[in-house]
Amino acid sequence: MINFIHDFLRAVIRVSVPLGYAGLGELLVEKSGLLNISIEGTLWLSALFAFIVNYYYENPYYGILIGMFIGIIYYLLFGFLSMYVGLNQVLVGVALNLFAYGSTFYIYRFVFEWRERVSIPSIRSLMNDIKIPFLSEMPLLGYIFFNQPLIVYIFYIVVPIIFILLNKTIYGLYITSIGENPEVSDKIGISVFKYRLICLFIGGAFVGLGGSIFTTYLSNIYLDHMIAGRGFIVIALLILGSWSPLKTIGAIILYSFVEAFQYRFQTLFASIMVFLPYQFVLMLPYLTTVTVLIVIGRRIKPPSWLGKQYIRVK
Amino acid sequence: MRSEAIVKFIKILPIIFGFSLLLLLIMVLFLLSGLNPITSCQLLFYYGFGTTTYLSEAFLRSIPILFISLGLMFPFMAGIWNIGAEGQFYVAAIVSAAIAIYSAWMPFPIPLILSIIGGCLGGAVYALIPAYLRVTRNVNEIFTSLMLNYIAIYSVSYLILGPLRNPTTNFAETPPIPGSAIIPRIFPNLRLNFLSILAFILIPITLIIINNTSFGLSLKFMGQNPIAAEFIAIDKKRIIITTMFISGFLTGLAAAHEVLGVVHAVRQGISSNYGYISIGIVYFGGMNPIGIFLISLLAAGIINGTRLVSFFTGIPIGLSDMLFGALPLLIFISNKAVEKILNSILIHRKRWME
Amino acid sequence: MNTNSIFSPDMSVSSLLFIEMRDITKIYPNGVYALVDVNFDLKPCEVHCLLGENGAGKSTLMKILAGVLKPTKGEILINGVPAEFDSPLDAQKYGIGMVHQLFNLIDDVSVIDNVLLLTPLSKREKLWLIKDKFALDFRKFAEEMGLPIDPFIKVRFLPAGLKQRVEILRLLYLGTKVLIFDEPTSMLTPLESKELFKFIRNVKSQSSIVWVTHRLNEVNEICDRITILRGGKVVKYYTEEDIRNGVELAELAYYMVGDAVVSYSDKIKGDALQNTFDKPILKIDNVVVKDDYNNIKVKGINLTLYKGEILGIAGVSGNGQKELVEAILGCRSLEKGSIIFNGIDITLKSISERLKMGLAYIPADRLERGVADGISIAENIYAYWVNTINRFNNSIGILNKKCLYDKVINLIKEYNIKTIDPSLPVRILSGGNLQKLLIARVLQNPCVKVVIAEELTAGLDIKTMQFIHRKIIESCKQGISFILISSELDELLKLSDRLAVIYDGKITKIYNNNVDNIDLMELSEYMMGIKY
């Protein structure tokens, strides 16, 4: 029983880290006022490319790198279309998502089924769990927190860094003010374009990183719908977390609890499905967000200019 | 009135431009896949539109996209971002299927009529949720409609694996739609059904509503300047509710068409992203019913064409999906380009007149 | 006080500045003379008031000082040394800063955050911001200036007056030595203005201040010297001694407004016709309205508008006219009081309902509130008519395009709106033609009963102005009533049957007859709040 709980909690951490990276990435971008719905498509593409690279080079870390690269490119593309070309952010996001859905579908088959394979391509080279020498011996926490792949340890460091960046440095203040009011920010000399570009770059890298974890650690095969709307879940959790890094991570962990629970109890669910269908679980973050929006919608405060077009008037 | 002709031409320009870009992209992708771009394109157009059967298939596939796009025109023109068409489609689909199945005992065509109306209303009511939240609590409809999409998709998934599951096959699908609720075909050897020809009624009706009614005029105005709209006595709340209702209703009609007329069941993936694709199509078609019709037909034919080309030449399927995703992007970009050019022309003209 | 100012590079120079503007002339590219040979100087630790009406050139002069504009002729000397400003940043380097009417503050972050956004920081401080340290320092500074304020409160929650003082504090904290205030009290209630004056007296010791205004009563509170501009020229200058000896406000008013004589031969109204208006059509009863900052801006106004009359409302902008108009239209709610239109209480009715009942609006903000610039000229007119003319409302909604189009063509011809084709987007119209469109579509609406017009003929040439005036009189003869809000005294005097003066949210005077013979001096005193 104890082992079971240990395993479960460890799984929670595992599941929350890719979402955590994606969440932090999108958080950075949204804080600067850009609503990028194509986080979903970015996850799809980075997962796929990470899989391809991992398959051919048999090295998951290359997969992570390509994932980050894809994330950066896709987010910068979003930035280009919405800031430079001046298209509506939401529409660009929807279009980029569609493109990602289609491209992943095609590219996967192009790369693999072209040779008319018999079996599904799978990878042997996933990231290993690394046991941190002293810390992993600790009674409960050791097994849960310190028996994870490298990417999770990096996450432990990334979270406080982002927190400090947003709350304790002047750059965090710049980003916040751009998201709240780019007009005034530009007037007082803070370059809206520059900082948004930086947020897109870092944010895109994080989102790409999150996506790549799916095919370099969590799974050894690639499935067409493996991301299954998690990008939108992240958007929902960002709203619930009031665009604050710690609250958002908290929301992500809560969600991961439920998701990990659902994985473990798939069979159990199957038999008592009438009682608590697994789709309901999947729906939970969306339902919660809508309910919250209804109930305290007036008090939830996104960055004031989130999604609004800002064009600098010379 | 010559200026009016010029204005109309300018509206078509982005479509022509975008279509050319699309053709280019198709050829490039064919090339990359190792095919001869010219012959493959010829093949594509043959399989898309070449024979009566193929043309009718293109038309058939274009219907859901067409209906949804026509519906989306209304809220979009008024500045309401309805991204929830996908969810509205799913809700409408399951509602019409459920009604069809449970009213099967009634004589034809009663179950059919009930299912269609049920589907339309289902979509409309689901669209009213974000509308209501916007009107009463000023909640941004982008977030609400987006979230509701997933709620709908998962709810339907639950239903077709649970209470509405097909007991014979045990697949994730509803039992087949009973005969008394199937939309009859028009011609024996084509899949077109009677709902499909509704397109020819809807297109002119939409045109009339947008261009020739006070409602359509108020819509356009509100989309362009929501602040001034108030001072012109336009009732914004009423417009929000009405446009979303229309959009949901037409989306429901699209769903009824698919479920009752084409697929004859509700399965996982009953909508292949129709709700999202239509968003792009609305812009691609220049926010104009005729444009939308042409583009949906073109797009549907291209999808069918690429699928068949893939099948016969051995390249993997999915090319069309990739194209389809690129479409909206291309169109947005070409729209913006044309807009920028137009603006500079108009500014020059204004200066000249003063 | 923070001495690491990015604004003054040369700390060896005495940190307080003596500024001289000599023979400043500014001619705009279209030939308009905004300023002609203006001399203005500023001494350390003083408040020098720059008075003048709207359009006198005060803003232009100050924009030159702040580095936003360059003078066509003339020079600026700082401590005797000529200085050239190519951009506002140059002026800031000398420590010259402008306090705008719309503050450059970000509402949803805290006061100290707003200060930090502009504070020069070392590399180390940038990466690890110890907000508390700065907050404490700033709070101390604020208290020294007589403004105890919680640095961690979000700017959104501060009333307008406090926001303004935060903006001033920020500039001072960062080392600004010359503060230019452009109409600083326009957003403030009299109570807040008093607090501002107290604040300025504290702040004087650390800086020099230019106080640009057209409100005379402020002059006695804080000015050390006064320069009055009219028509781009300096018409009067008061030294410190003059001020000490006392200045008559009436005299100031006279210099500001000038002895503009209204050519009464132009008066087209009052044809000896009835001029007895006895049917009240709009009754504004003890109306109290708040502004965007939650201050009470309209403080109990009572007005009755009669059928067929023109009621003019004179007043300097910012005294509650905007809020009153919005309350009558219905886009701003009433705190107290009621509005009765044509016998029906409309206090709770929505704006579209009121417009359908026969209320009409000609906005000052033409583009924002009048038209949708992407759709055609004709459609902009149709949209208004189909929603307000009852005849159209009752049909199924299908437009009779031919009929509408003909009406639009007639309208364009009659009002001489210069356009090749009404199907072109409305954004091609020039400002004057746009104004004509807005007026025309209202006047041609048979269901209109009351028109509220703001700045009716702004931007129109004389001929058109006279044409519009004639049209207004015609409409009056047919029973339409007008409320004219204008800063053009001329126009109000020519057209109004009755003239009300609004000051600080109250109607201080109503001239019920003989508007032709109003004593201008007295009128300007009421407008400036000297008499009440």
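**Notebook: chains A, B and C**

I began at Asn342(C), which is partly exposed because 16 other C-beta atoms lie within 10 Å. My scale: a residue is buried with 20 or more other C-beta atoms within 10 Å of its own, exposed with 12 or fewer, and partly exposed in between, the C-beta atoms being placed from the backbone. The model is predicted, so I kept its limits in view: local features need pLDDT of at least 70, side-chain atom pairs count only at pLDDT 80 or more, and totals for chains, interfaces and linings use all residues. Residues are numbered from 1 along each chain as its sequence is written, while chains are lettered from A and ligands numbered from 1 in the order in which they are written.

**Entry 1**

I looked up phi for Asn342(C) and found a positive value of about 55°, although Asn342(C) is not a glycine. Asn342(C) sits in the loop between β14 (334-341) and β15 (344-345) of chain C. Helices (H or I, at least four residues) and strands (E, at least two) are DSSP runs, numbered from the N terminus.

Glu183(C) came next. Its phi is also positive, about 50°, and Glu183(C) is not a glycine. I placed Glu183(C) in the loop between β7 (178-182) and α7 (190-203) of chain C. Glu183(C) counts as buried because it has 20 C-beta neighbours inside 10 Å.

In chain B I checked omega. Phe108(B) and Pro109(B) are joined by a cis peptide bond, with omega about 0°. Pro109(B) belongs to the loop between α4 (85-102) and α5 of chain B. I noted the background: most residues other than glycine have a negative phi, and most peptide bonds are trans.

**Entry 2: the four-stranded sheet of chain C**

I traced an open sheet of four strands in the order β12-β11-β14-β15 (chain C), with antiparallel pairing. β12 (296-306) and β15 of chain C are at the edges, each with a single partner strand, so one side of each has no neighbour in the sheet. Strands pair here if DSSP finds at least two bridges between them. β11 (residues 280-290) of chain C and β12(C) are joined in the antiparallel sense over eight bridges. Lys290(C) stands opposite Ile296(C) in β12(C).

**Entry 3: the six-stranded sheet of chain C**

Here I read the order β16-β17-β18-β13-β19-β20 (chain C), an open sheet of six strands with mixed pairing. The edges are β16 (359-362) and β20 (506-511) of chain C; each has a single partner strand, so one side of each is left without a neighbour in the sheet. β13 (residues 310-314) and β19 (residues 498-503) of chain C pair in the parallel sense over four bridges. Leu311(C) has Arg498(C) as its bridge partner in β19(C).

Which residues does Ile483(C) touch, not counting those up to four places away in sequence? I found Leu305(C), Leu311(C), Ile313(C) and Ile452(C). Contact means that the C-beta atoms of two residues, placed from the backbone, lie within 7 Å. Ile483(C) lies in β18 (residues 481-486) of chain C. It counts as buried because it has 23 C-beta neighbours inside 10 Å.

**Entry 4: helix α16 of chain C**

The buried residues of α16(C) are Val408(C), Leu411(C) and Ile412(C). They cover an arc of only 95° around the axis, which puts them on the same side of α16(C). I took the arc from the directions from the helix axis to the C-beta atoms. These buried residues pack against α14 (377-388) and α17 (431-443) of chain C. On the face turned away from the buried side I listed exposed residues, among them Lys402(C), Asp406(C) and Lys413(C). Just after α16(C), Asn416(C) has a positive phi of about 55°.

**Entry 5: contacts of chain B**

How many residues of chain B are in contact with chain A? I got 38, against 39 residues of chain A. By class, this side of chain B has 27 nonpolar, eight polar and three charged residues. Ala, Val, Leu, Ile, Met, Phe, Trp, Tyr, Cys and Pro count as nonpolar, Asp, Glu, Lys and Arg as charged, and the others, Gly among them, as polar.

Towards chain C, 26 residues of chain B are in contact with 35 residues of chain C. α8(B) gives the most to this side of chain B, with seven residues. The residues of this side divide into 12 nonpolar, seven polar and seven charged.
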